[in-house]
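Hi everyone, thanks for having me. I'll walk you through a few spots in the structure, so please have a look at the screen.

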Amino acid sequence: MTNVTTLDLVVDALYIVAFGLFIYGLMGLTGPKTAVRGNYIAAVGMVLAVVATLVKIAPHTTTFAWGVIVVGALIGVAGGVPSATKTKMTAMPQLVAFFNGMGGGTVALIAWSEFITSGGFSDEASGVAQIGGSLFGAIIGSISFWGSIIAYAKLQELLSGRPITIGKLQQPLNLVLFAVSIAAAVVIGVRSGNGGADWWWIVVLLVAAGALGVFVVLPIGGADMPVVISLLNALTGLSAAAAGLALDNLALVVAGMIVGASGTILTNLMAKAMNRSIPSIVAGGFGGGTTAAAGGGDSGDKQVKATNPSDAAILLSYANQVIVVPGYGLAVAQAQHAVKDMAKILESKGVEVKYAIHPVAGRMPGHMNVLLAEADVPYEALKEMDEINDEFKRTDVAIVLGANDVTNPAARNDPNSPIHGMPVLNVDEAKSVIVVKRSMSSGFAGIDNPLFYAPNTTMLFGDAKKVVGELIDELKAL
């Protein structure tokens, strides 16, 4: 029986406290009012977990290794702090995708390191947990890293947001890549403890899994991107848990499982919100229809009615109820504070103002909730889709600020639409609709929106922040 030292007890105690802080911090992320505090609590837990790990390895760590650890930590701080503090809200989805990728890539590197230092797992002392954790982490970590890089490129518009496929060969290629990575893992596992596997087997595994990550995310259209980010987050968590098994690090196992479980639950909820199955999302293609021309496919039949801030302000000020529908355009313009000011003026005139939040509005889960919370919009005013949809029929004015795909009535009415079946906000049922957009360009899904041509819709063209500022001036003058 292994002797338990005082050092082991101290490390285990620190890990237990860290686990508790992780879970308590995660509970705080369930609401905007407690989210910041939850982040701080979880961060303290991570600091404790890191300290415990350093204490655990201290007796066996050389001066050179400490130097590597310090340099690695400094690089992480130098890269992480500026990106987290300077990234705009519009780029937050890209940042999340990038951070996901870094986690998965780190796990893949850990697997590579474990393979090399053990001589291809030639040492008979290499246990099943170490070998299995390393191989599982290598596959999932590589998929997560390269998939996240492609997601980042699509969100940053370095690549097209539309599905990028190689036709009928897409799915067979994915199956071949998956089979190659699994086969390489099996060979490595079989040869462990018996001379070990040659170095190139781990290279084959990492390359095949990385290529699989690329070719799985490339065909996924823009409308599915919030779900993809959540799914990649779950994969990164699972790969981290596997790395914890390989390194015999309980903190990494627990933290990885928390991230993996929460990411899986969120992915499932997001998929249900879009009336999609996760396999169909991974199969790709959603949200990549051909973009219609500005006037629609049949420009003679589709006419838009433009309005101006003065007329829109009159319409808003005489309404009994106004529903604000925020979207990515609101985030781009950083108009959340202006919207809060506009709502305040309307409420002072006796108008009831609510906010309709679609689960996948923006480009990551909860994007609009975080954006509006930043402007101190009351949490009670934020209404989820299922709660607000019946309200549109009783609403005098719905003002859409940069939202496109999540307000598209074709999802309900047109069986030929690429997004048919996706639950959307019933904006078109309001008595009057004001759509604030820079132009008639399509949304991230790349398809036309019949809402823009509806008889009860008027278009107010311009930057959301500037337009809302003009509306505020007009409302004050009334």
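Let's start with S417, in the loop between α16 (410–413) and β5 (432–437). Keep in mind that this is a predicted model. Is S417 buried or exposed? Its relative accessible area is 11%, so S417 counts as buried, since the cut-off for buried is under 20%. Leaving out residues up to four places away in sequence, S417 touches A410 and I447.

Okay, on to helix α6, residues 170–191. Which residues of α6 are buried? They are Q170, N174, L177, S181, A184, A185 and I188. Look down the axis of α6 and these buried residues fall within an arc of 95 degrees, so they line one face of the helix. Here's the rule behind that: an α-helix has 3.6 residues a turn, so residues three or four places apart point the same way. The buried residues of α6 pack against α4 (92–117), α5 (128–155) and α7 (199–217). On the face turned away from that side, you'll find L175 and V190, which are exposed. Just after α6, G193 takes a positive phi of about 75 degrees.

Last stop, the aromatics: there are 5 aromatic pairs in the structure. One of them is F115 with F121, edge-to-face, at 5.8 Å centre to centre and 90 degrees between the planes. F115 is buried at 2% relative accessibility, and F121 is buried too, at 1%. F145 and W146 also pair edge-to-face, because their planes sit at 85 degrees, with ring centres 4.9 Å apart. W146 is partly exposed, with a relative accessible area of 41%.

Conventions: Residues numbered from 1 in each chain as written. Predicted model: local features only at pLDDT ≥ 70, side-chain atom pairs only at ≥ 80, totals over all residues. Heavy atoms only, no water. Helix = DSSP H or I, 4+ residues; strand = E, 2+ residues; numbered from the N terminus. Buried < 20%, exposed > 50% of the residue type's maximum accessible area, 1.4 Å probe, protein only. Contact = heavy atoms within 4.5 Å. Expected span 1.5 Å × (residues − 1). Arc of directions from axis to C-beta. Phe/Tyr/Trp six-rings, centres within 6.5 Å; stacked < 30°, edge-to-face > 60°.
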